[in-house]
Amino acid sequence: FSSASSSSSSSSAGAAGAAGELAQWEYAEPPTLPPHDYKPPPYDGPPKEEVIAMRQQFLNPAIFHFYKQPVLITNGHMQYLYDEKGRRFLDAFAGIVTVSVGHSHPAVMKAAADQLTKLQHTTTIYFNEQTSLYAKEFVERMPKNSNLSRVYFVNSGSEANDLAMLMARLYTGNNNVVALSNGYHGTSVGTMGLTALHTWKYPVAHGEGIVHAPCPMSFRGTHGDDVDAYVRDLNNVIMTQTSGRIAGFFHETIQGVGGGVPLLDGYLPKAYEAVRAAGGVCIADEVQTGFGRTGTAYWGFENQGVTPDIVTMAKGIGNGFPLAAVVTTPEIAQTLAQRLHFNTYGAQPVVSAVGRAVLKAIDDDGLQENSLRVGARLMQRLKTLQDKHDLIGEVRGKGLMMALELVTDRATKVPAKEETTVIFERLKELGVLIGKGGLHGNVFRIKPPMCFSEADADFLCDALDLALSEL
């Protein structure tokens with residue numbers, strides 16, 4: 001095979017990065033994974049074919065899988081996954097942006113095991129030290145002087161966004177909620193209305209009172225990079241599709257499922273001003289961008305210099321354990337107390353212990369800083385691939401939340417759906433498990449565990465370069 005990239009080794013890649021130039025490299029053979037000193041135990045479960053057959057027979061058919069030849073994952077360690085034969089894969093998607101600090105991170109596993117020996121489950125009708133300590137340590141991660149000081153723990157992002165929408169409506173006394181086109185906020189009946197991608201919306205009544213404003217995106221946006229034009233659109237939606245008084249405004253800072261789309265810089269401050277003038281509260285969905293993943297900030301919204309009234313989190317908050325949260329001000333939180341409200345598993349002792357361990361691991365392992373450093377290397381490599389391969393229409397993102405949109409023509413931006421599928425399958429053969437998304441399924445989502453290394457980034461880009469060159 002013949003291709004051009006930086007280096008196939010971390011040492012030469014580092015030298016190339018330090019020099020500010022990417023060297024040419026001829027592939028005599030496919031790139032190899034960086035060394036890793038973990039060996040998974042032998043798999044002793046049923047054969048792969050039997051596992052697949054049982055899933056097809058007993059699980060709901062709506063539960064889809066990746067790849068023509070599915071992967072059976074039986075073990076994981078930090079940024080790597082292993083199949084039943086012990087083959088190692090680079091995990092560039094982190095269980096759909098869920099494994100934040102690494103698969104089977106020793107500190108997280110120890111926290112869960114230690115708590116399981118004491119108390120597996122009780123609910124918030126009783127007190128438990130893990131829940132109270134977690135709430136304190138969690139709130140301490142919010143921006144100083146933000147007044148975001150009351151947290152409600154739940155189990156999933158959909159639950160968190162449902163609860164945030166309820167609180168916004170109770171607090172403001174208004175019903176209409178504005179979200180952005182191309183966004184994703186869940187698939188419950190309530191959050192399906194917030195989501196603006198037809199592929200995730202069933203033909204049933206949903207989203208009562210929810211309207212959408214055009215997303216301020218550069219590559220496919222209706223106004224290009226004109227921030228003020230998107231703000232005018234938002235105001236127009238409020239004035240023409242609501243009573244003029246709204247409950248709230250939902251946004252991701254970088255749209256995840258929609259294809260790793262960052263909101264244009266400067267949009268959120270003006271959008272927040274418009275929303276608050278219409279009586280609404282601002283709700284930041286940090287399910288994917290939170291906990292240092294963008295590198296430049298702990299929370300995605302901080303990159304635009306705004307402070308929301310409500311923040312929702314899930315996925316990376318628990319490193320794969322079922323955990324999510326809604327953080328807000330004391331005044332907004334108080335509105336929920338007018339009736340009984342309860343979550344059976346929210347903040348139970350084991351997940352609280354795990355949540356605490358995740359927060360500590362992010363700090364102790366320097367994962368925000370790692371996301372910044374490795375993300376910069378990844379962006380550099382991907383931009384170089386864009387210069388070489390016309391199929392890459394845009395490279396976008398921040399830190400370890402990156403995306404690559406493939407198009408058949410950069411001028412017309414026709415989605416390269418078939419080519420994306422071919423490369424997707426080839427990357428698996430080369431040892432890379434990557435995400436795929438966007439409305440047209442032509443976007444590679446690169447969102448690995450935050451322990452991802454520069455050598456991992458180089459291997460991913462070498463594999464991607466090879467797969468693109470083979471088309």
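Ala-94 sits in helix 3, which runs over residues 94-97. In this predicted model, Ala-94 has a positive phi of about 55°, even though it is not a glycine. That's worth a look, since most residues other than glycine have a negative phi. Ala-94 is also buried, with a relative accessible area of 0%. Asn-145 is another non-glycine residue with a positive phi, here about 65°. Its setting is a loop, the one between helix 5 (129-139) and strand 4 (150-154). Asn-145 counts as exposed, at 83% relative accessibility, whereas Ala-94 is buried.

On to the inside of the protein. The largest nonpolar core takes in 97 residues, and the ones touching the most other members are Phe-138, Leu-234, Phe-249, Tyr-267, Met-313 and Leu-382. Helix 14, spanning residues 454-469, gives the most to this core, putting in nine residues. Another core lies apart from it, made up of 23 residues that include Leu-163, Leu-194, Phe-250 and Leu-336.

Phe-138 makes a handy way into the 97-residue core. Setting aside neighbours within four places in sequence, Phe-138 is in contact with Val-151, Phe-153, Phe-291, Trp-299, Met-313, Ile-317, Ala-325, Val-327 and Leu-359. One of these partners, Met-313, is itself listed with the core residues that touch the most other members. Another partner, Phe-291, turns up again in the lining of the largest cavity.

The volume of the largest cavity comes to about 60 Å³. Its lining draws on Val-97, Thr-98, Val-99 and Ser-100, then on Val-287, Gln-288, Gly-290, Phe-291 and Arg-293, and finally on Gly-316 and Met-450. By type, the lining residues split into five nonpolar, five polar and one charged.

The structure holds zero disulfides. For Cys-215, the nearest cysteine sulfur belongs to Cys-282 and is 16 Å away, and Cys-215 is in no disulfide. Cys-215 is buried, with a relative accessible area of 3%.

Technical notes
Residues are numbered from 1 along each chain as its sequence is written. This is a predicted model: local features need pLDDT of at least 70, side-chain atom pairs count only at pLDDT 80 or more; totals for chains, interfaces and linings use all residues. Side-chain values use heavy atoms; hydrogens and water are left out. On a 1 Å grid over the protein atoms alone, a cavity is a set of points where a 1.4 Å probe fits but cannot get out, and a pocket is an open set with protein on both sides within 12 Å along at least five of seven lines; lining residues have an atom within 4 Å of a point. Grid points are joined across faces, edges and corners, and a volume is the space filled by probe spheres set on the points. Ala, Val, Leu, Ile, Met, Phe, Trp, Tyr, Cys and Pro count as nonpolar, Asp, Glu, Lys and Arg as charged, and the others, Gly among them, as polar. A disulfide is a pair of cysteine sulfur atoms within 2.5 Å. Buried means under 20% relative accessible area, exposed over 50%, partly exposed in between (1.4 Å probe, protein chains only). A nonpolar core is a set of buried Ala, Val, Leu, Ile, Met, Phe, Trp, Tyr and Cys residues joined through side-chain atoms within 4.5 Å. Helices (H or I, at least four residues) and strands (E, at least two) are DSSP runs, numbered from the N terminus. Contact means heavy atoms within 4.5 Å.
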